[in-house]
Amino acid sequence: MSMRIQRRSILKGGAAAGAAMAVGAVGGPAFAASALPSVGTAGARAGRRQGAGRLVVVFLRGGQDHLSTVVPYTDARYHDARGDIAVPEGSVLDLDGRFGLHPSLGGLHALYDQDRLSVVVATGNAAGNRSHFLAQDLCEYGDEAVPADGQGWLGRHLLGTAGESDSPFRAMSIANNVAASLRGYPALGLASIQRFGLGGLTGATESMRSTLDLAYFGNGLAESFGRQALEAVDEVSALPGSSQVDPVARGFADLAVLMEADLGVEVATVDIGHWDTHAGMGAHDNGQMADLLAGLDGSLAGFQADLDQRGLTDVTTVVMTEFGRRVVRNGSGGTDHGWGSAAFVMGGAATGGVFGDWPGLDPADIGPRGDVPVTTDHRDVLGDVVSATLGADPATVFPGHAYQPVGVA
Amino acid sequence: MTALELDGAYPANDYGSASAQLQLAWIIRAVHSPAQLFERLVEFFSDHFNVPLDGRNGSLLKVVEDREVIRPHAVGRLADLLVASAQSPAMLLYLDNARSFANNINENYARELLELHTVGVDGGYTEDDVVATARLLTGWTINPQTFTFEFRQARHDTGPITIMGWERPSGSDYQHHGEQFLTWLARREATARFVCTKLARRFVADRPSSGLVDAMVQAWSANDTAIDPVIRAMVGHADFGAAVGTKFSRPLDHLAFALRVSATTVGATTDRNQLKGLGQVLAGLGQLPFGWAAPNGYPDVEGAWLNAGALLGRWNLVGDALSGASPVVSADVASLGDGLAGGTDAEIYDGLCRRVIGQSITPGGRAVLREATGWPEDSVPGNAAFAAGIAPAVLALLTSSDAQYR
């Protein structure tokens, strides 16, 4: 037997109070409407949580390769395992005499030299899973299994402190779809400032404002998101959005603008894809991985320079991925799904330095499948970061995990 | 055209036109095809066996795959579709099996075959099974001259192989061993349950009931992985009818609904600028047809699609579509008012609401349409007012929260 869940509002349902649309009961899908804090009261200025820093979470989708990025260049086994896709010892940008950054990461290396970049080696999800989708989910839930509350790690913090901010921008993803780490909180998806407005290409919906205000009145989930959109549009309309074509570059540029505008942005997520490098990773100075990392370096260091120029010293960026890749090169000049990965914490509260125990790449260390092991649970890295930037308690954000500080922030 | 012919027809800087035409064909079929259930199954299996239109090879080969793999098998047997997909040049390149060698495997395809195409991540396979599957499929590659499937025995691992209890038979018909395994895999209960749950999620509810899925699994097993009986079992189940108006539409569902309901004609074109313009409109939705980069296909639950920015994009998209943002899209919104002129405002609102949303209007809905049309309450709109009010009223209905659910 199944219950019919009625969501219709323009058609059905109860008392049409004044001009309000009638509202149907909303069932409990991914997150129940009743669990959502109300965001944005029409007309109210967005409140900002006081005394807290701000956090940007960059997720590298596809399983980003630790060993090409943060290179254990003094380890002969690394060079043997990777062959023609290894970064030669003389080409790395040295960090601490053991590890070096890929030569494409000059911008990040400069930040490291200024003690503004923390580098974590051999980190990841303790449960370990080679499925992109399950591993991403676990990273974004911040758990070793899918949790009963279905909340992302950021969603858990935001929901627990929902009374402290009424900004529709408090949590956002620079994307059409909101990141899973924000699950549980009504986060805003914004792919581009320039395109975030009523009107579209033809201006057709511009005249619809008063009609939409009337139509999105009820308590249903869609109505609540509709009101959030209408309020956010008002705030964004005057901002200078980037016109860059590349969505990642445009996204970071827009994010810096949104942060400076003091709209109450507390947490933002940015995804960067194409890290599932099963084939043709290429040489250190010419090829797929060199290009991907040059793009990453430009995005991250460029974003940090933009924040610096705007004087936004309270913004910290953390960079993570669902898993690292196998130690040994595969048959196609690429690498298959592995386990331990590298992570970065940049700017803001970052302390700078190289963190985490390095187990080495001996056969006994990398196990039967040849993985970089995980010696630092990524929740400890994120725990440092939420504590230093958002003033959050890692025990609340990661229930069931015994937090051990790493010192990255 | 074959991939080879496509390769010759589209110079290196213009291959995008081939993929843009496929994207336009998706929309034309979604709006105008009389075989809507078939098109929806094509959409489902395009997600299930996702290969994005990406880069020159991916774009040209996906165009061929859509015609030769997905569409012919979308209402056939899953076992046949699975083998066709495994031997599809687009898939062989996308998930790298074309570059997997005996003693030096690439396990990308093997893992997604088990996790995404058949038994699912909880389907009971181990890391050893992933490696064994990759070994079994070494040598399944493409001929670089013809862009067609080719089995190259020199690259194939001929050793004994056991996968989840399946054992390679004796004999040297090595390609057939792989095909046999795929058929065995399609018949597994775990595969039936995984695919039927996804079908039920697509067509019925984000969280389908176990009763519904059980009925579909039973039909699957009784009919040797045939898809048609599974769909009949789903449509015949009480949950199916009860789900009307409860599933949040994905952006492309919503677009197709809005275009159909507003009597829109979507025309074919090979004009590059027109195709580019259409692509820009669709990209704003976050659901360009065949545009999802990862092998799992577009997500299919409300939580993935419903947020404030997404709603804004849907409002604008519908507004643009109805007012001619693309020269290939021409709506006849005025026709929705046919037969309603001369009625009272309330009668007209009710008539429009029935035509667009399929139900009669509420007092609250009337207030919204009054705002959109500017017609005085309890009036009989004159000819000019009537003509001017229909389009804003239809837009108000299509941008309402009701229209976001299907």
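**Strand pairing, a bent helix and the chain contact**

In strand S10(A), Ala343(A) is the bridge partner of Val120(A). The structure discussed here is a predicted model, in which local features need pLDDT of at least 70, side-chain atom pairs count only at pLDDT 80 or more, and totals for chains, interfaces and linings use all residues. Residues are numbered from 1 along each chain as its sequence is written, while chains are lettered from A and ligands numbered from 1 in the order in which they are written. The model scores ipTM 0.91 and pTM 0.90.

The Val120(A) bridge partner lies in S10(A), and S10(A) (residues 341-346) pairs with S5(A) in the antiparallel sense over five bridges. Strands here are DSSP runs of E with at least two residues, helices are runs of H or I with at least four, and both are numbered from the N terminus; two strands pair if DSSP finds at least two bridges between them. S5(A) also runs parallel to strand S11 (residues 353-355) of chain A, to which three bridges join it, and here Ser118(A) stands opposite Gly353(A). Strand S12 (residues 376-377) of chain A is parallel to S5(A) as well, with two bridges, and Asp377(A) in S12(A) is the bridge partner of Gly124(A). Eight of the eight residues of S5(A) (residues 117-124) are buried, so this strand is largely enclosed by the rest of the structure. A residue counts as buried if 20 or more other C-beta atoms, placed from the backbone, lie within 10 Å of its own C-beta atom.

S3(A) is joined to S4(A) (residues 100-101) by two bridges, and Leu93(A) has Leu101(A) as its bridge partner in S4(A).

Chain B averages a pLDDT of 94, and 100% of the residues score at least 70; pLDDT is the predictor's confidence in each residue, from 0 to 100.

One helix of chain B deserves a separate look. The 16 residues of H20(B) (residues 383-398) should span 22 Å at 1.5 Å a residue, and the end C-alpha atoms are 23 Å apart, which agrees; the expected span is 1.5 Å times one less than the number of residues. H20(B) bends by about 30 degrees at Gly389(B), and Pro392(B) follows within four residues. The bend is the angle between axes fitted to the seven residues ending at a residue and the seven starting there. Among the buried residues of H20(B) are Phe386(B), Gly389(B), Ile390(B) and Leu398(B). Their cover includes H6 of chain A together with H14 (251-261), H17 (308-322), H18 (345-356) and H19 (363-373) of chain B.

Finally, the contact between the chains takes 67 residues from chain A and 70 residues from chain B, where two residues are in contact if their C-beta atoms, placed from the backbone, lie within 7 Å. Helices H4 (132-141), H6 (209-215) and H7 (221-236) and strand S7 (188-189) of chain A each supply at least two residues of the side of chain A that touches chain B. H7(A) gives the most to this side, with nine residues.

How values were computed
A residue is buried if 20 or more other C-beta atoms lie within 10 Å of its own, exposed if 12 or fewer, and partly exposed in between; C-beta atoms are placed from the backbone.
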